[in-house]
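Trainee: I'm new to this one. Can you walk me through a few spots?
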Amino acid sequence: MTVKIDKFPGVYLHESDFEQGRVLYNTWDPQAQYAWDAGIAIGRYLSELKQGHLVGVRCNQCRRTVVPPRAFCEWCFRPMDDWVNLPDTGTVNTFSLCYVTWDMQYLTEPQIPAVIDIDGTRPSVGIMHLLGDVDPKKVHIGMRVQAVWKPEEERTGSILDIRHFKPV
Amino acid sequence: MSQEVAIVGIGYTSFRPLTPEVSYKELVYEAAVKAYEDAGLDPRSDVDSIVSVAEDFTEGTSIFDEYVPDQLGGMLKPNVTIPGDGIHGLATAYMQIASGIVDVVAVEAHSKASNVLTLPRITAYAMDPVLNRPLRANPVFIAGMEMNRYLYTSGATREHCALVVAKNKRNALLNPAAAFGAALEPDQALDSEMVAYPLSVVDISPHADGAIVVVLASAEVAQSLTDVPIWIRGIGWCNDSPSLENRAWGRAIYAEEAGRMAYRTAGIRNAMDEIDLAEIDDAYSYKELQHLEALGFCEYGRGGFLTADGVTEIEGALPVNASGGSIGGGHLLDASGLRAVVEVALQLRGEAGAHQIPGVETGLAFGWRGVPSTSGAAVILSS
């Protein structure tokens, strides 16, 4: 429709109108900084990641084993019962090939965010992470993957202590 | 009014300057478990709806309502999160029940103020970005300006404000949940360091962390659950214009109007005669006086004299902030109003412990959203 219109009615605004102060505006840079207390469940999760371990929790009432761990079962509304050591292997539940960064830069090689259902969870639940060391064209739902850990001295107690998951 | 509504469950954590051992979810879970236990309810089967109060900017998480259900047993139930005072949340829950669409609602509010590293900057975000923010002043100056004008027009004095500080800090010594109890003399309060003239450091309630959950139920359900339902008799809320340029600096008109609405819905004609105790916002010492007057407990300018006469002491004719309020208990961001509700409800049940006021039947709770807001909410509760 608009293709046929050479010139729209009205006054055009140009970059120079802003630069030269003919159009006025205000800007503000936010200074919002937080330090969230990890707490009992996530605190232990992070410290175990630092040791190179993946841990979950089990609810004996609904018999679920979940990761990341939580202090209470959201289904049964009671404290979780046991800590469970989990392997660092799993299966891709779903993934995407993401061609934009979060500041909207275009990527030629995509980021591959994925939910990885961790072996030993029940019913299978996953952790959110990235896939790496893999040809994006070959990633598929159901693919078996394993965590690639940072070297011990580089780990800080963060989900980034796992660099990414790669196919096994 | 339509369906009658009562408070049937109360749960809260202690209020502390820091809570590094628990996440906000774990903090809220503690309050929720206590509230449901108090009500004798299983949230997974017995609670119909969840109302929470949270501000994304103080949580540090956008669309914060996403993170609410788990710790309240609210998964796969109606949930709504309101950026308002806890009493706005209570009003929302009240309306859900009064309208007859649900019977049992849990209301939640919490503070993890200790996790916000740039809290004054976040508060500054509440100011107009074009007209006020470029001045780059810490928003506490707004309380200073308001106090200055209030003292000028009302005849109240800094000494009166110091009496409020001393009273609320002493009351807090009787409340095990309060964070900042102290045996402070009014003279010491007067000598404390100036922050934003005429507001000194002890005139400002220090922030605390904590979580509160209140369970509301319709009349029929309430009477089946408890022998001591605490009835919501009236509720009201009001916002004035946000303008720092044109507001009535000496008066809390939002509180006058919120109070008027609450009294109208409760059928109260004379606040001083019909209300036995009040927990009203004291984010800053002068606010207790200003709100006391605005809510009709005395004439404008008489709040300080009432305080000097001991009327607002625990033993007085109208105990105000017997719990210690925010000055003694810690300011809980938008959970502060719900803490006031909890304190009034406990008093009416006769479960307030060492600061119990004998023979109370009707109480008022009032919350204010803090600087720079002119946003307040009031509720009248009766046993």
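Trainee: At what angle do the axes of helix 4 and helix 15 of chain B cross?
Mentor: Keep in mind that this is a predicted model. The axes of helix 4 (residues 86-98) and helix 15 (residues 336-349) of chain B cross at roughly 70°. They come within 5 Å.
Trainee: Which residues make the contact?
Mentor: Helix 4 of chain B brings B:G86, B:I87 and B:L90. Helix 15 of chain B brings B:G337, B:L338 and B:V341. By class, the contact has 4 nonpolar and 2 polar residues, with no charged ones.
Trainee: Switching to chain A. Is A:A147 buried or exposed?
Mentor: A:A147 is buried, because its relative accessible area is 9%, under the 20% cut-off. It lies in strand 11 (residues 144-149) of chain A.
Trainee: What is A:A147 in contact with, leaving aside neighbours within four places in sequence?
Mentor: A:D88, A:I162, A:H164 and A:F165. Take A:I162: it is 15 residues from A:A147 along the chain, yet their C-alpha atoms are separated by 6.2 Å.
Trainee: Back to chain B. How many residues does helix 1 have?
Mentor: Helix 1 (residues 24-39) of chain B has 16 residues. From first C-alpha to last it reaches 22 Å, close to the 22 Å expected.
Trainee: Which residues of helix 1 of chain B are buried?
Mentor: Among them are B:Y24, B:L27, B:V28, B:A31, B:A35 and B:A39. B:E26 is also one of the buried residues.
Trainee: And what comes just after helix 1 of chain B?
Mentor: B:G40, which takes a positive phi of about 70°.

Notes. Residues numbered from 1 in each chain as written. Chains lettered and ligands numbered in written order. Predicted model: local features only at pLDDT ≥ 70, side-chain atom pairs only at ≥ 80, totals over all residues. Heavy atoms only, no water. Axes fitted to C-alpha atoms, helices over the stretch in contact; angles between N-to-C directions. Helix = DSSP H or I, 4+ residues; strand = E, 2+ residues; numbered from the N terminus. Contact = heavy atoms within 4.5 Å. Nonpolar A, V, L, I, M, F, W, Y, C, P; charged D, E, K, R; others polar. Buried < 20%, exposed > 50% of the residue type's maximum accessible area, 1.4 Å probe, protein only. Expected span 1.5 Å × (residues − 1).
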